[in-house]
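The report that follows takes up the contact between two chains and then a few individual residues. Please read it alongside the sequence and the model.

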Number of protein chains: 2
Amino acid sequence: MKQNIYDDPTFFAGYSTLRKTQSGLNEVLEQPAINSLLPNISGGSALDLGCGAGGQCARLLELGAYSVAGVDISRNMIEVAREKLKGCNGINLHCMAIEDFTAPENSFDLVVSSLAFHYVKDIESLFRNIHAWLKDSGLLVFSVEHPMATCTQGILPGWQRNENNEKIHWQVDCYADEGIRKSRWFVDGVIKYHRTVSTIVNTLIDNGFCIRRMLEPHASEDAEKVRTDLLDERRRPPFLFVKAQKAVQV
Amino acid sequence: MKQNIYDDPTFFAGYSTLRKTQSGLNEVLEQPAINSLLPNISGGSALDLGCGAGGQCARLLELGAYSVAGVDISRNMIEVAREKLKGCNGINLHCMAIEDFTAPENSFDLVVSSLAFHYVKDIESLFRNIHAWLKDSGLLVFSVEHPMATCTQGILPGWQRNENNEKIHWQVDCYADEGIRKSRWFVDGVIKYHRTVSTIVNTLIDNGFCIRRMLEPHASEDAEKVRTDLLDERRRPPFLFVKAQKAVQV
């Protein structure tokens, strides 16, 4: 069964506070990196898989997209998105699992997804579907938790800390052991799927994509001046970003 | 100045013992992975950058290469290679730094390199040169120490160990801090260059390559049965392999 942690009241309350206080990495690291990978979408059609509260759908409209479809499994999130995007033309929001979404072939110029694919068990089917939904030369831009982070989730804490609770290094283990990871994030039993960097890359290639860019970013120096805790994101990459293009057959 | 550790007598003695005793990872992990990435080279021309003792040059000839050029900075290594390849047709060995090698454009169908590029400071120039040396649709197949390993070299030991000297996890730090790393490998002051996975990928793309495959392999189950220490290579990837193709402009 597909997981819907965002409609768990405890999770939703914790997550909402994280996003409101901007103490997480979305605004300072994830969104700038995704934005840097977005193509000119003016007059084009886009799909946001795991659209959450609709912020990215709104940005895609601002960038000139003619139509934007958003998909999220969480009713809570879709309701927030509906409210945010009220009155916007060209928006279609779908409350369903990413894995259940369907679209005609050649529907989109761009498919984008922020930090959602690590919740998807069968990434190969998803990439195959996205390839079909994209127009020729269409782009897939996505981020996932970095495999250096997912590998130990529920097994080891990421940071090794000293007796003063200071971070002394990042812990990696079980890297080649791909598959399910159960961990705690606001609530117990959050399920993610660990895949190696090479599996992500090769699964894209095997399903007709050409890799255009890969990012393992840290926050900007400006952001690091305001929040010195962000310097730790240079010590290991929290996220992996890929820009892949529906390859023209040669 | 380019580094030539392999002509340091202490290093060469230590390295030779490692390779003779087959206690390292070359035979059980590195070579099988490189071999799995090699194209049909029958009747083609190949270049091996950092050819060492010539084992890979010999394999390329066995696979039907018409001509094989080998480049290595170490006189010791090139002498061993000359002895091994005595009497073989189509072999050209060059004792020089990888960075100093030159060739006419469109010379090779395949450029291969095993665990040498992490010694090269300016990988961008090297990739640009290789792109020029390759024929259209020619392939570059190479391995490097994994960025998860180079990041901490000379800073932290890779494995965190407990009081019984057992490996408890792999340590990552300083990942985004690219550049020189000085460490000890048989001798002090071995210089390598840490680059992130994304930098390696993007530098290839920016210099006209298309990524065809990425590997972060462990040893085979058969090899692990004989040498149980190899199971630890599943815990973090020791090497990164890339197969990249000189892209046809579209």
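## A histidine pair across the interface

The side chains of B:H169 and A:H169 are joined by a polar contact of 2.9 Å, a polar contact being a pair of N or O atoms within 3.5 Å, where within protein one must be able to donate a hydrogen and the other to accept it, and where residues adjacent in sequence count only if both atoms are side-chain atoms. The model is predicted, so that local features need pLDDT of at least 70 and side-chain atom pairs count only at pLDDT 80 or more, whereas totals for chains, interfaces and linings use all residues; side-chain values use heavy atoms, with hydrogens and water left out. Residues are numbered from 1 along each chain as its sequence is written, while chains are lettered from A and ligands numbered from 1 in the order in which they are written.

B:H169 belongs to strand β7 of chain B, where helices (H or I, at least four residues) and strands (E, at least two) are DSSP runs numbered from the N terminus. B:H169 counts as buried because its relative accessibility is 3%; buried means under 20% relative accessible area, exposed over 50%, and partly exposed in between, with a 1.4 Å probe and protein chains only. Not counting residues up to four places away in sequence, B:H169 touches residues of both chains, among them A:L156, A:Q160 and A:D173 as well as B:W159 and B:R235, contact meaning heavy atoms within 4.5 Å.

## The contact between the chains

Chain A and chain B each give 32 residues to the contact. The area buried between them is about 2700 Å², of which carbon and sulfur atoms give 54%; buried area is the accessible area (1.4 Å probe) that two parts lose on being put together, summed over both. Between chain A and chain B there are 25 residue pairs in polar contact, both residues being at pLDDT 80 or more. On the side of chain A that touches chain B, the elements giving two or more residues are β7 (167–172), α7 (197–206) and β10 (209–215) of chain A. The residues of that side divide into 17 nonpolar, seven polar and eight charged, with Ala, Val, Leu, Ile, Met, Phe, Trp, Tyr, Cys and Pro counted as nonpolar, Asp, Glu, Lys and Arg as charged, and the others, Gly among them, as polar.

Four salt bridges are counted between chain A and chain B, a salt bridge being a side-chain nitrogen of Lys or Arg within 4 Å of a carboxyl oxygen of Asp or Glu. B:D206 forms a salt bridge with A:R213, with 2.7 Å between the closest N and O atoms.

## Strand pairing

β7(A) and strand β7 (residues 167–172) of chain B run antiparallel and are joined by three bridges, two strands being paired if DSSP finds at least two bridges between them. A:W170 stands opposite B:V172 in β7(B).

Within chain A, six bridges join β10(A) to strand β11 (residues 239–246), and these strands run antiparallel. A:C210 has A:Q245 in β11(A) as its bridge partner. β10(A) is mostly covered, with five of its seven residues buried.

## Individual residues

Although A:N106 is not a glycine, its phi is positive, at about 60 degrees. A:N106 is found in the loop between β3 (91–95) and β4 (108–114) of chain A, and its relative accessibility of 41% makes it partly exposed.

B:H146, in the loop between β5 (134–145) and α6 (147–150) of chain B, counts as buried because its relative accessibility is 1%.
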